[in-house]
Amino acid sequence: MDARQPPGRLRWWQRPWIAPLASISILFIAFSLPPYLSLNPERSRVPPPDNFAAYYPLLVAHVVFGSVALLTTSPQVWPWFRQRYPVAHRLIGRVYVLGGVLPAGITGLIIGAVSPYGPLARVSSVLMASLWLLFTVTGYRMGRQRQYVEHRRWMIRSFALTASIITNRLWGVIAFLVLSPQLDTTFEGSEKMLTWTIAGLTTWLGWVVPLLIAEWWLDRGESARHGARRPAAVVRSATGAA
């Protein structure tokens, strides 16, 4: 057994979800980012709202900084990496917060409030961006205060919202396949209402479902057990128990 491997700690290859998460994130960015790096508004996948000239520059900034946040997510949630390379974990964490979530969240608040996809999508986008900023700032503060259990819990919530952009696209495909055949019936031929309905559903499901899964995992999964071990150790130390 590797002497550097503490008892009960899983090695890097025993986390089978890390490689798929990193691969999906890279593929998603490779597909989503290039059109915006061209700085050509005609290549934008989101139509700009009327009478808001700053929308496209803010959208480009949001996509670029959001890509930074998504790229830095995988090493941060990889227990083997953060345990073996704590200095790199802290540096990447600062990039995630200061060069990713904060600018992406602020620009997301603005463009979300004027989303061309209707009021339901606007409310969802503004609420999601607000929670994303809140969770990230809270997690960062907990880390600075060396409250590492709480830091980890808040950052898991932040990471769930960061990765929700991927699930948002999956829900979009499902909603389109289910609802588009109803264009001439339920939506009375209105493509605008169909688009708004699909966007409203996907924006809400895209981040609410991952956040609920993260909360379930925190309450019932490995993170809850991780948090429970520390208080027990403190009690044993205080009482002198072996």
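This note goes through a predicted model of one chain, from its overall make-up to a few individual residues.

1. **Overall make-up.** The chain holds ten helices and zero strands. Its pattern along the sequence is accordingly α-α-α-α-α-α-α-α-α-α. The chain has 242 residues, and 40% of them are buried.

2. **Contacts and surface.** Take the contacts between residues at least 6 apart in sequence. Of these, 66% join residues at least 24 apart. The accessible surface comes to about 14,000 Å². Carbon and sulfur atoms account for 68% of that area.

3. **Helix α7.** This helix covers residues 119-144, 26 residues in total. Just after α7 comes R146, with a positive phi of about 60°.

4. **Salt bridges: the count.** The chain has two salt bridges.

5. **R153 with D219.** The side chains of R153 and D219 form a salt bridge, at 3.8 Å from N to O. R153 sits in helix α8, and D219 sits in helix α9, residues 191-220. The partners are 66 residues apart, so this pair links distant parts of the chain. D219 counts as exposed because its relative accessibility is 54%, over the 50% cut-off.

6. **R157 with E215.** The second pair is E215 and R157, whose closest N and O atoms are 2.4 Å apart. E215 lies in helix α9 and R157 in helix α8, so the bridge ties together parts 58 residues apart in sequence. R157 is buried, at 11% relative accessibility. E215 is partly exposed, with a relative accessible area of 24%. A reader checking side-chain placement may want to look at both pairs together: R153 is in helix α8 with D219 in helix α9, and R157 is in helix α8 with E215 in helix α9.

7. **A nonpolar patch.** Which residues form a nonpolar patch on the surface? They are V173, I174, F176, L177 and V178. Together they have about 490 Å² of accessible area. F176 belongs to helix α8, which covers residues 148-179. This residue counts as partly exposed because its relative accessibility is 47%, between the 20% and 50% cut-offs.

8. **Positive phi in a loop.** Most residues other than glycine have a negative phi. L39 is not a glycine, yet its phi is positive, at about 60°. L39 is in the loop between α2 (34-37) and α3 (55-71). N51 also has a positive phi, near 60°, and is a residue other than glycine. N51 is likewise in the loop between α2 and α3.

9. Are L39 and N51 buried or exposed? L39 is exposed, with a relative accessible area of 58%. N51 is exposed too, with a relative accessible area of 82%.

Technical notes:
Residues are numbered from 1 along each chain as its sequence is written. This is a predicted model: local features need pLDDT of at least 70, side-chain atom pairs count only at pLDDT 80 or more; totals for chains, interfaces and linings use all residues. Side-chain values use heavy atoms; hydrogens and water are left out. Patches are made of residues with over 30% relative accessible area and no salt bridge: like charges are joined within 9 Å, nonpolar side chains (Val, Leu, Ile, Met, Phe, Trp, Tyr) within 5 Å. Accessible areas come from the Shrake-Rupley method with a 1.4 Å probe; for residues, only the protein chains shown count as cover. A salt bridge is a side-chain nitrogen of Lys or Arg within 4 Å of a carboxyl oxygen of Asp or Glu. Helices (H or I, at least four residues) and strands (E, at least two) are DSSP runs, numbered from the N terminus. Buried means under 20% relative accessible area, exposed over 50%, partly exposed in between (1.4 Å probe, protein chains only). Contact means heavy atoms within 4.5 Å. The expected span of a helix is 1.5 Å times one less than its number of residues.
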